[in-house]
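Here are some questions about how the descriptions of a protein model are reached, each answered from a value and its definition.

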Amino acid sequence: MLVVEEWLSEFKTLPESSVSSYAASLNDNHSLVSALYQVICEPHSELLEPVCHQLFEFYRNGDVLLRRFTLQFLPELVWCYLSVTATRDVHSSGCIEALLLGIYNLEIVDKDGHNKVLSFTIPSLSKPSIYHEPSSIGSMALTESALSQHGLSKVVHSGPHDQRETFTAQNRFEVLTFLFLCYNSNLNCMPRLSLQSLCHMSSRVCVSGYPRQFQKNYKDFSSRIPVSPECMVQILTAVYYAMYNGEWDLACKTLDDVLYRAQLEMFPEPLLVGNAIKNSVCFDAVKYSKEAPRCIQVEITPTSSRISRNAVTSLSIRGHRWKRNDLDTNQTDSGDSCNLPLPESSLTNVTEDKRGIGERSKTQTENDAEHFQGVQESTSDPKAGGKEIKRQKSLRKKLEDGVNFSSRIQY
């Protein structure tokens, strides 16, 4: 335990300017963290009292990294305290009890020493979140009561909490529940060793003194440990996080142990949370690598980039209407141009049959084409250019007059 002794003396001589860099280097010192776990697991160790005092000084310092360094040992500290309390060996748990109470009393007040009041906003199922989509729940009837509560959010307050000078049977799990709440607020910063300690602690607390203990081979402790439903809910929150962050197998076993204890105690809150976690678990995640964080599969509302090009929108309806109008106009124009008779010089030819009109139309069209081709060929002569232009204008005027005249005759 030489590394622990050096750690105890190092912080006392550390200047204030070096606290931040020192705190950042603590988590990388894996040998120190492992040695501290060994000291905490031995209630009769001579180093336990100075270690608890040092951890409390870290937490009281105010540096965020130092606080997180102390919090990572919380599951192991709670297990040692509960196991010693169950065996009524109070004298060996005095320093751990003082550390837990010290952390609790620091967390329930702000910087000015006033009691904190924590607030939590309960999300509405009608609004999407990272855990669910309203479309997957089904249709929600817009009743009068639902409309009156639309947009309203329920806020739950916790606190103010009373200062505690010692643990009693009445306040023990009130303090421990609040400490696990503080631990859960820093779950994303907890190392894997701390998550493993949390799972082991939860399993031992839930099965100790019950028949399942012999299946787990926990022979070093046989007394039943009381636990509150509120504390079990906080434990399940941490287990759920560990399940998808590198500790799948261990967390799943811990979840079964917590549900086992909740069924024996008939606690409705842990049963509700635990079964909800169990039913939402994706067991295909076992195939993934243990090193990689696992994911929660949810349905995502498609964004504008994911909407199909064939989706019916107001803009597509307008564009479709325009295209249809243009198509009808073109068909009408083409139909009229095909059915228009060629103009005649006298009214006696109006009653001629349609075949004759078609033949004359075809003949005149070929003559006009030959005439236009001759005009294009003759435009190369600069002298004949003016005459040809006049002929084209007169021919165009005759055609227009003929079309108008034939239209009048048809009507």
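Accessible areas come from the Shrake-Rupley method with a 1.4 Å probe, and for residues only the protein chains shown count as cover. On that basis the protein exposes about 26,100 Å², of which carbon and sulfur atoms supply 54%. The model is predicted, so local features need pLDDT of at least 70 and side-chain atom pairs pLDDT 80 or more, while totals for chains, interfaces and linings use all residues. Residues are numbered from 1 along each chain as its sequence is written, and side-chain values use heavy atoms, leaving out hydrogens and water.

Q: Which residues of helix H2 (residues 19-26) are called buried?
A: Buried means under 20% relative accessible area, and in H2 the term applies to Val-19, Tyr-22, Ala-23 and Leu-26.

Q: Why are they placed on the same side of H2?
A: Because they cover an arc of only 100° around the axis, the arc being that of the directions from the helix axis to the C-beta atoms.

Q: What do the buried residues of H2 pack against?
A: With contact meaning heavy atoms within 4.5 Å, they pack against helix H1 (2-12), helix H3 (30-41), helix H4 (48-61) and helix H5 (64-71).

Q: How is the packing of helix H14 (residues 248-265) and helix H15 (residues 268-280) described?
A: Their axes, lines fitted to C-alpha atoms over the stretch in contact, are 9 Å apart and lie at an angle of about 150°, on a scale that runs from 0 to 180 degrees between N-to-C directions.

Key
Helices (H or I, at least four residues) and strands (E, at least two) are DSSP runs, numbered from the N terminus. Buried means under 20% relative accessible area, exposed over 50%, partly exposed in between (1.4 Å probe, protein chains only).
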